[in-house]
Amino acid sequence: MITVLASLLGFGQNNSTLIKGKVSNTKNDVSNILIVNLNSNKSTITDSLGLFAIKVKLKDTIRITAVQYLPKVITVNESHMNGSLLTIQLLDNVIDLTEVTVTPYNLTGDIDRDINRLHIEPTVTSYSLGLQNAGVTKMSQNQRLLQEADRGKYVKLATTDEYGKVFEILGYTAFTVVINTHKIMNKFSGRTKSLEEMVERDQNMALEKEIINKFSIQTIAENFDIPESNVNGFLTYCLSQPDFNALSHSRNMTEIWTYLETKSIEFNSIHSSKD
């Protein structure tokens with residue numbers, strides 16, 4: 001359901017009204033739902049509570065889209081402009097499949113019967129075994145290589161465990177200094193920087209995939225006036241910008257969508273000048 005409450009800012013078709021709304025549904029999946037004014041090409045997305053706000057004029061068309069729901073379109077009328085309550089039911093985007101026969105298990109479709117017949121063993125995981133560090137996020141290969149290349153401090157004092165004892169010379173205690181030549185060589189050879197760039201590239205690729213899965217290539221293309229064939233290039237352009245780094249770590253889709261909207265103007269300007 002989408003509940004929209006409009007606050008009246010003016011009268012007439014040429015005056016903008018700020019519509020504040022709240023998205024709700026039975027699954028309570030209310031974040032990052034795209035709200036677009038098709039007339040002004042202004043857009044916003046819902047926050048974690050399903051709240052949003054967008055400016056409209058009389059007879060503007062608003063489209064509500066999300067990958068998990070069928071798109072919905074409404075036309076702003078006078079009752080919306082005067083603050084009346086509007087409720088919209090969003091339907092799940094269900095993909096119908098033809099009848100499928102699963103072999104060699106001869107499943108009946110009755111879940112209780114099929115589970116008993118299959119004799120499924122519980123999945124053994126680090127959580128089920130209660131292993132230490134079971135909740136630690138698995139590192140990628142490049143992250144492990146970077147950790148190995150940049151491990152430890154550049155210089156440290158040796159411990160008695162490393163050298164067996166602390167030498168005493170002329171009644172004074174002498175400490176041995178250990179230089180981390182492995183880390184220094186990786187730093188000066190450029191290997192550490194190269195691995196850092198590879199880790200950042202992996203993170204950007206994962207974020208690009210996350211954005212596409214959330215909004216879809218078609219949605220990005222339609223809202224930012226970018227051909228679908230150029231959407232991947234547009235996302236790569238955005239992810240390569242220095243000011244995107246901090247934003248990428250937050251994973252705030254509302255801020256990311258606003259950033260993409262701004263950068264789409266630059267991207268389109270660059271491509272139009274090339275044409």
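Which residues lie nearest the centre of the largest pocket? They are T65, A66, F215, S216 and T219, among the 17 residues that line the largest pocket. This is a predicted model, in which local features need pLDDT of at least 70, side-chain atom pairs count only at pLDDT 80 or more, and totals for chains, interfaces and linings use all residues. Residues are numbered from 1 along each chain as its sequence is written, and side-chain values use heavy atoms, with hydrogens and water left out. Here is a tour by topic.

**The largest pocket**

- The largest pocket has a volume of about 240 Å³. A pocket here is an open set of points on a 1 Å grid over the protein atoms alone, where a 1.4 Å probe fits, with protein on both sides within 12 Å along at least five of seven lines; lining residues have an atom within 4 Å of a point. Grid points are joined across faces, edges and corners, and the volume is the space filled by probe spheres set on the points.
- At least two lining residues come from each of β6 (61-66), β7 (69-75), α7 (191-215) and α8. Helices (H or I, at least four residues) and strands (E, at least two) are DSSP runs, numbered from the N terminus.
- Helix α8 gives the largest share of this lining, 4 residues.
- Sorted by class, the lining of the largest pocket holds 7 nonpolar, 7 polar and 3 charged residues. Ala, Val, Leu, Ile, Met, Phe, Trp, Tyr, Cys and Pro count as nonpolar, Asp, Glu, Lys and Arg as charged, and the others, Gly among them, as polar.

**The second largest pocket**

- The second largest pocket holds about 160 Å³ of space.
- Its lining includes S40, N41, K42 and S43, along with E222, N223, F224 and D225. E261, S264, I265 and N268 also belong to the lining of the second largest pocket.
- Two or more of these lining residues come from each of β4 (42-45), α8 and α11, and α11 supplies the largest share, 4 residues.
- The lining of the second largest pocket has 2 nonpolar, 6 polar and 4 charged residues.

**Aromatic rings**

- The model has 6 aromatic pairs. Rings of Phe, Tyr and Trp (its six-membered ring) pair if their centres lie within 6.5 Å; planes under 30 degrees apart count as stacked, over 60 as edge-to-face and the rest as tilted.
- F224 and F234 make an edge-to-face pair, at 6.0 Å centre to centre and 65° between the planes. F224 sits in helix α8 (residues 217-224) and F234 in helix α9 (residues 231-239), 10 residues apart, so the pair links distant parts of the chain.
- F224 is buried at a relative accessible area of 4%, and F234 is buried at 0%. Buried means under 20% relative accessible area, exposed over 50%, and partly exposed in between (1.4 Å probe, protein chains only).
- The rings of F244 and Y259 have centres 5.1 Å apart and planes at 50°, so this pair is tilted. F244 lies in the loop between α9 and α10 (245-250) and Y259 in helix α11 (residues 253-274), so the pair ties together parts 15 residues apart in sequence.
- F244 is buried, with a relative accessible area of 1%, and Y259 also counts as buried at 11%.
- Ring pairs join F215, F224, F234, Y237, W257 and F267 into a cluster.
- K183 lies over the face of Y154, at 4.5 Å from the ring centre. A charge sits over a ring if NZ of Lys or CZ of Arg is within 6 Å of the ring centre and within 35 degrees of the ring normal.

**Strand β2**

- In a regular strand the side chains alternate between the two faces of the sheet.
- In strand β2 (residues 17-23), T17, I19, G21 and V23 form the covered face, while L18, K20 and K22 form the uncovered one.
- Strand β2 runs antiparallel to strand β5 (residues 51-56), joined to β5 by 6 bridges. Two strands pair if DSSP finds at least two bridges between them.
- G21 stands opposite F52 in β5.

**Loop residues**

- D225, in the loop between α8 and α9, has a positive phi of about 55° although it is not a glycine. D225 is exposed, with a relative accessible area of 65%.
- N32, in the loop between β2 and β3 (34-37), has a positive phi near 60°. N32 is buried at 16% relative accessible area.
- K59, in the loop between β5 and β6, is exposed at 55%.
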